[in-house]
Amino acid sequence: MLGGAGILLGVAAVPAQAAEVSYKTECIPPAISGLPAVQGTTKVEITAPAEAKVGDEVTITWKFTQAASKNPDVLDLDANTVKPTGTLKAGGAQTADIAMEGPRTNPAIPKNSDMKLSDMTGRLKLTAAGDVTLTPDAYNINVSKPISTDTKCTPKEAVNPSATIKVTSGGGSGGTPTPTPTPTPTPTSTSPSGSATPSPSGSGTDGGADTGGSGGQTDFTGKEVSVPYACKTPIGDKNATSAVQINARKSGGSFDLTVQFKASVMDSPADIPADSVKPSMEVVLGGADKGTVHVEGPTNSAPIKSGDPIAIPDLKGTYKPGATGSSTLSPGVLTVMALGTTTTCTPTKSEVSLTLDTSEQANGASGGGSSGSGSGSAGTSSSGGLAETGSDSHGALKALGLVAGTVVLLGGAVFTFMPGRRTR
């Protein structure tokens, strides 16, 4: 008798083991990644009680046997950084959208390997007798590091039910439903087009320098030049154009340089941590002088929230001339360090922004000689030593100064869970 009772109790308590259901899925990566939508297949198993009564509140489990995407060969995902949320459709005798949520628990996920998503759970209060079907619908994948990003995955075909609950009338506890979680929304900020529109310069002329003693000109304003960049990023090659202006202030025989990027104002497409983005450039010397001058900006001192303006600092450095004569300064290779990755943008065509009359200084940029071009070779460094880096405070511009550099780089760093297909 005890054995028989045990068997009967076991049968009553066994939940319905749902058959696996698969469906074609489209996943939309974060806007800042610059990647196209990914087509894949999701495989899901829904587990729920086989039978219940009207008034019961049942717990339902969504298990991913296969996500529609893989972690590409960009970054390894740390343990406990991935969190799934989704919607389960109830149909038949009762219709409802059931919010599903999984914990942020996952093993470390190496590059180019299958995604490991935790099981999601949700609760449904049964209100009508009959067969209630359970069908998986859209889901969202949130990755918390290096910055928080979301990818939304939606079915691209009709999905078959994965489980059915037979609901009988009467009884039930009628308990209070447990609040259901709300999936994290995907940032909606618009990603950059890859091309910045130059803004008016204010001067638009080259500056001439005083090579003599005191009483000469000390401030020199360069002209704004449009620079096309070819950028190598963690997610592939990108082309972009930005307007750049080089200004100088004479200090003894040297010049303190300030490089400004001119572009339209934009908002941050995602949350960016403090001290995570640092730009620098090699200003190319030409004319009488040759070599490069290193200029750099500080990292962002405070986090930048999604939707807030991006403040891009001026790049600063000190130019110590290595030759006497008329020397030119042109924008050169731009480097952006962010979140442990590097993007390098090389000008495909460079134009002189500033011309200075210089006097050779000891241990200057390169020594005598002429490049013969008047503008130098963009992105190419000579054997001369780099100039010292200044430490003046910066004036921030609320603009996308680095164009493809910062934002494309961030896209490569944060979009870490889609297949390895990349935009070229």
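Is Asn300 buried or exposed? Select Asn300 and have a look: it is buried, with a relative accessible area of 12% (buried means under 20%, exposed over 50%, partly exposed in between, using a 1.4 Å probe and protein chains only).

A quick word on the model. It is predicted, so local features need pLDDT of at least 70 and side-chain atom pairs count only at pLDDT 80 or more, while totals for chains, interfaces and linings use all residues. Residues are numbered from 1 along each chain as its sequence is written, and side-chain values use heavy atoms, with hydrogens and water left out.

Stay with Asn300, in the loop between strand E19 (291-296) and strand E20 (311-312) (strands are DSSP runs of at least two residues, numbered from the N terminus). Now show Ser276: its backbone nitrogen lies 3.1 Å from a polar atom of the Asn300 side chain. Asn300 also touches Ile272, Pro273 and Val277, among others (contact means heavy atoms within 4.5 Å; residues up to four places away in sequence are not counted).

Next, pick Val58 in strand E5. Val58 is buried too, at 6% relative accessible area. Its C-alpha atom is 6.5 Å from that of Lys125, 67 residues apart along the chain.

Finally, color the largest nonpolar core, which has 35 residues (a set of buried Ala, Val, Leu, Ile, Met, Phe, Trp, Tyr and Cys residues joined through side-chain atoms within 4.5 Å). Ile60, Trp62 and Leu134 have the most contacts inside it. Strand E11 (130-143) is one of the contributing elements, and E11 gives the largest share, five residues. A second, separate core of 30 residues includes Ala248 and Leu329.

Definitions and conventions: Helix = DSSP H or I, 4+ residues; strand = E, 2+ residues; numbered from the N terminus. Polar contact = N/O pair within 3.5 Å; in protein donor to acceptor, adjacent residues only side chain to side chain.
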